Every structure is written in structure tokens, then in C-alpha cells.
Amino acid sequence: MISNKIYDLMLEQINAELFSSYLYLSMSAFFEEKNLRGLAKWMKVQSDEEREHAMKFYDYLVTVGKKVILKSITAPKSDWSSIMEVWQDTLAHEKKITDMINKIMYQAVEEKDFASINFLNWFINEQVEEVTTVEEIIAKFEMIGDSKQGLYFLDKELGSRA
Ligand code: FEO
């Protein structure tokens with residue numbers, strides 16, 4: 001039901017989503033170590049979401065009768081020079097993931113694989129949302145600058161993510 005090309009791209013995407021989960025968990029651990037419990041919580045929730053993204057591709061491949069083959073996951077970065085660098089890395093990573101999703105969508109459109117197009121639409125929307133959210137968080141950190149008080153409140157705000 002799906003071409004080998006789309007199959008390969010989706011296997012690659014499972015790996016990329018699991019890596020994202022790993023990366024955000026590493027960022028969460030970094031924030032925990034800095035006693036920024038709210039930021040740590042935000043990243044932990046994000047890490048869980050990324051695993052769910054991987055599982056969406058996993059379940060789709062199972063549904064279309066393709067065997068899921070898991071690849072090894074690269075160790076993520078574990079240290080950052082500043083809080084801002086963590087968010088900038090997050091934004092750069094989400095842009096990379098967006099490019100990957102777009103590439104699969106492009107292929108599905110080329111092949112007129114309507115089932116895959118329909119499946120991928122959710123990810124197209126999700127990526128817009130994720131990039132926007134991270135851009136907004138970066139704007140907030142730019143706003144507070146070096147303010148310790150600002151950081152305290154932002155940590156509290158982001159920690160309310162369910
Ligand atoms: Fe699964 Fe953050 O994209």
C-alpha cells in the first residue's frame with residue numbers, strides 16, 4: 001500500500017522522533033540540574049509528545065502492513081552554555097524535523113498516495129504549532145534578558161504545561 005521510498009522515509013522519521021524525545025529529555029535533565037523545575041517539566045512533556053509522534057508513524061506502518069525496523073538512536077547533547085542556547089537548539093531542531101516531514105509529504109504527493117497525505121497532514125499542522133510555540137518562548141526569554149525575577153516567573157509559567 002505504500003512505496004518503498006515512503007516506507008524508508010517513515011522509518012527514518014521514527015528514528016528522528018525518538019531522537020527528538022531523547023534530546024528533549026536531555027534538555028530536561030540539564031534544566032533539573034540548574035534547579036529550573038518548570039523548564040524541566042516543559043521539556044519532559046515535550047519528550048513524551050515526541051515518543052507519541054514516533055508511535056503514530058509506527059502504528060501507521062503496522063496498519064499498512066509494513067514491518068517497523070528500529071535504528072540506533074544517537075546520543076544527544078547534554079550540556080549547553082546558556083538557557084537561550086537550549087531554546088535556540090530546540091527551534092533549529094524543530095525546523096529540521098519540519099523539513100523531514102515536508103520531504104515525506106512531497107513524496108506522497110508525487111506518488112498520489114492519498115492515505116499517506118491524509119496521515120501526514122496532522123504532522124504538517126503539528127510542526128507549524130511547535131515552531132511557533134518555541135519562537136514565542138524565545139521571544140519571552142529575550143524580553144526578560146538577564147533578569148533573575150523574570151526567569152523565576154517564566155520557569156513557573158512554562159512549568160504549568162500539562
Ligand atoms: Fe515530533 Fe517536535 O516534532
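Reader: How much space lies in the second largest pocket?
Author: This is a predicted model. In it, the second largest pocket holds about 150 Å³ of space.

Reader: Which residues line the second largest pocket?
Author: The lining consists of Tyr 24, Trp 42, Gln 46, Glu 49, Thr 90, Glu 94, Glu 126, Glu 129, Glu 130, Thr 133, Val 134 and Arg 161. By class, six of these residues are charged, three are polar and three are nonpolar.

Reader: Where does the largest share of that lining come from?
Author: Helix α4 gives the largest share, with five residues. At least two residues come from each of α2, α3 and α4.

Reader: And the largest pocket, how much space lies there?
Author: About 210 Å³. Its lining has five nonpolar, three polar and two charged residues. Among the lining residues are Ile 83, Met 84, Phe 141, Asp 146, Lys 148 and Leu 151.

Reader: Let us return to Trp 42. What lies over its face?
Author: Arg 161 does, at 4.4 Å from the ring centre.

Reader: A related case: the ring of which residue has the charged end of Lys 66 over it?
Author: That ring belongs to Tyr 7, and the charged end of Lys 66 is 4.9 Å from its centre.

Reader: How many aromatic pairs does the structure hold?
Author: There are eleven aromatic pairs. One of them joins Trp 42 and Trp 87 in an edge-to-face arrangement, with 5.0 Å from centre to centre and 70° between the planes.

Reader: Which parts does the Trp 42 and Trp 87 pair tie together?
Author: Trp 42 is in helix α2 (residues 37-63) and Trp 87 is in helix α3 (residues 83-110), so the pair ties together parts 45 residues apart in sequence.

Reader: Are Trp 42 and Trp 87 buried or exposed?
Author: Both Trp 42 and Trp 87 are buried.

Reader: Why is the pair of Phe 57 and Phe 119 edge-to-face?
Author: Because the planes of the two rings stand at 80°, with the centres of Phe 57 and Phe 119 5.1 Å apart. An angle over 60 degrees counts as edge-to-face. This pair links distant parts of the chain, since Phe 57 belongs to helix α2 and Phe 119 to helix α4 (residues 114-144), 62 residues apart. Phe 57 and Phe 119 are both buried.

Reader: Which residues form one aromatic cluster?
Author: Phe 30, Phe 31, Trp 42, Trp 80, Trp 87 and Phe 141 form it.

Reader: Let us take Phe 30, then. Why does Phe 30 count as buried?
Author: Phe 30 counts as buried because its relative accessibility is 4%, and the limit for buried is under 20%. Phe 30 is part of helix α1. Not counting residues up to four places away in sequence, Phe 30 touches Ser 78, Asp 79, Trp 80 and Val 86.

Reader: A last topic: where does Ser 21 lie?
Author: Ser 21 is found in helix α1, which spans residues 4-33. With 11% relative accessibility, Ser 21 counts as buried. Apart from neighbours within four places in sequence, Ser 21 is in contact with Ser 47, Glu 50 and Arg 51.

Note on methods: Residues are numbered from 1 along each chain as its sequence is written. This is a predicted model: local features need pLDDT of at least 70, side-chain atom pairs count only at pLDDT 80 or more; totals for chains, interfaces and linings use all residues. Side-chain values use heavy atoms; hydrogens and water are left out. Helices (H or I, at least four residues) and strands (E, at least two) are DSSP runs, numbered from the N terminus. Buried means under 20% relative accessible area, exposed over 50%, partly exposed in between (1.4 Å probe, protein chains only). Contact means heavy atoms within 4.5 Å. Rings of Phe, Tyr and Trp (its six-membered ring) pair if their centres lie within 6.5 Å; planes under 30 degrees apart count as stacked, over 60 as edge-to-face and the rest as tilted. A charge sits over a ring if NZ of Lys or CZ of Arg is within 6 Å of the ring centre and within 35 degrees of the ring normal. On a 1 Å grid over the protein atoms alone, a cavity is a set of points where a 1.4 Å probe fits but cannot get out, and a pocket is an open set with protein on both sides within 12 Å along at least five of seven lines; lining residues have an atom within 4 Å of a point. Grid points are joined across faces, edges and corners, and a volume is the space filled by probe spheres set on the points. Ala, Val, Leu, Ile, Met, Phe, Trp, Tyr, Cys and Pro count as nonpolar, Asp, Glu, Lys and Arg as charged, and the others, Gly among them, as polar.
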